[in-house]
Amino acid sequence: MTAGVTAGAATAAARKRKHQAARDSAPDSDAIVRALPDPVVLVDGDDIVRYVNPAAEQFFEAGAGILRDRRLDQLVQFDSPLLALVAKVRDGLAAVTEYGVDMLSPHRRARTVDAQVTAIPDAAGWVLVGLRERTIAQKLDRQLSYLGAGRSVAGIAAALAHEVKNPLSGIRGAAQLLEQNASLADRELTRLITEETDRICRLVDRMEMFSNDHPVERTPVNIHEVLDHVRRLVQSSFGGNVRFVERYDPSLPPVFGNRDQLVQVLLNMVKNAAEAMPEGGGEIILATKFEPGLRLSLAGGNGRQRLPLVVSVRDNGGGVPEDLKAHLFDPFVSGKAGGTGLGLSLAAKIVAEHGGGIEFDSEPGRTEFRVLLPLHSDGEAV
Amino acid sequence: MSGATILVADDDRAIRTVLNQALARQGHDVRTTGNAATLWRWVANGEGNLVITDVVMPDENGLDLLPRIKRLRPELPIVVMSAHSTLLTAIKATELGAYEYLPKPFDINDLVVVVDRALAAPRAPAAASCSASPSARGRCPTGPGSTCSHRRWRIRR
Ligand SMILES: Nc1ncnc2c1ncn2[C@@H]1O[C@H](COP(=O)(O)OP(=O)(O)OP(=O)(O)O)[C@@H](O)[C@H]1O
Ligand SMILES: [Mg+2]
């Protein structure tokens, strides 16, 4: 839809021809109802089910042959609000929608749906029942509001992290206890359990950070101190495999921001660089410079902005895979077997909150990520 | 000091099992409960040489219990563990008199070290142990922390 707004006249004409061709072989209405992802049930004036689409078969956990010719009140509980909705429509309403209807499946699995009941014109008493199952996020949201934990995404992520870390503690601890008496071969397996639980833990930690919308404290931050800290962190986990070269502009003014968040940003980028290193080891160049001329227009920003503070992380690894480049900053985009794909998206989010942006160039043997930040004077961004 | 009695409160059964086994293997006598009320009863009865408690429990927040325990038995060391990964929980626990804060999930070996240290010198609050990264107050990138976190920090009294 929105694509049409920006498309030129020539492509619009081409699309019109394509539509014309499609109309000649349009699918029939049955095929359309069958394709609906949400359950649809057609009920006649005597409450007998006359049609179910495949989504409804799945929802009621039975084939169309079984569902058809049953009474609607045999599919749902006798006191289901759905029956009241159907009665309302038969009483003269054209359509009613009820949100958050609780339904029990044949196997007593509780589910929450939004239900819409529509009268069929010219067919006395016939109604169409459409159901839409609530998403996990909506359900979680509801559970959270019961607990009074708030409805924000941050609240959900925090609650989720908490709920996941408790069982993880149990699993990890049990594995470690087994390890104490395990044979060498079994120890490899218990190690695997602890390492993998740590990975899940990292993932939920990141999700939590990602959705954290609390205001953060900002102060003038010495970016060289941040880089130094990051370098030490990475060096301690990657050891001698990585050689660091530092090219700093000592006259660079402080960045106005949150130190911990800036550590996070650069840590994610330097870690990526270290992880991209060739087997035999490689080189990471950390550089800062002041580029007064640089003006960029940022998504959502007003006009072009000056972002003169440049922090770059360059490596001589294999480069960003070509097919990832377009979506590199989207969450869960990863080219690594064990990667969560949150590192760069988190970095981009934080940098955007600092009024800056991230850009990169990559080819095999030379990849550079640059963080561009605004200048601040007297506590205010310019 | 082995052969101490350790009181454990956590509403997660898996964690109780793990703590029970890990500490029993060190020769300790371990008593576990899933709620704060039982823990309080034990403490009030004068039982136990060390408390390990969760924060979020069904009946009461473990942090709310802390000042009451401290008032009644100031010498009893309390280790607080929580799945909340916020620095704030750690700071609050320490301010309320916790001997140590352990973010979940933690390493069993770290736990054993913390317990030994707490039992050996329950009365002497250790000096701030974190010398690395002076700019990050309260942060300790090298000490035991959540096993997974790149935000490894720990606060010790
Ligand atoms: N310096 C780099 N050289 C080559 N590829 C890179 C580099 N930086 C990022 N990439 C590619 O971009 C992908 C996304 O990076 P991102 O940091 O977002 O996630 P990740 O590293 O896969 O997982 P994690 O969440 O653990 O950081 C990586 O998987 C990698 O394929
Ligand atoms: Mg990464």
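Which residue has a polar backbone atom 2.7 Å from an oxygen atom of ligand 1? That would be G335(A). A few notes on this predicted model follow.

1. Ground rules. Local features need pLDDT of at least 70 and side-chain atom pairs count only at pLDDT 80 or more, while totals for chains, interfaces and linings use all residues; side-chain values use heavy atoms, leaving out hydrogens and water. Residues are numbered from 1 along each chain as its sequence is written, with chains lettered from A and ligands numbered from 1 in the order written.

2. Ligand contacts. An oxygen atom of ligand 1 also lies 2.7 Å from an N or O atom in the side chain of N272(A), and one is 2.8 Å from a polar backbone atom of L344(A). The protein covers 93% of the 600 Å² of accessible area that ligand 1 has on its own (Shrake-Rupley method, 1.4 Å probe).

3. Who sits around ligand 1. There are 22 residues around it (a heavy atom within 4 Å), and R206(A), S334(A), G335(A), K336(A) and T340(A) come nearest.

4. Aromatics in chain A. The rings of F59(A) and F60(A) have centres 5.1 Å apart and planes at 80°, so the pair is edge-to-face (centres within 6.5 Å; planes over 60 degrees apart). Both F59(A) and F60(A) are buried (under 20% relative accessible area, 1.4 Å probe, protein chains only).

5. Chain B. The charged end of R31(B) sits over the ring of W42(B), 4.5 Å from its centre (CZ of Arg within 6 Å of the ring centre and within 35 degrees of the ring normal). R68(B) does likewise with W40(B), at 4.6 Å.

Terms used
Polar contact = N/O pair within 3.5 Å; in protein donor to acceptor, adjacent residues only side chain to side chain. Phe/Tyr/Trp six-rings, centres within 6.5 Å; stacked < 30°, edge-to-face > 60°. Buried < 20%, exposed > 50% of the residue type's maximum accessible area, 1.4 Å probe, protein only.
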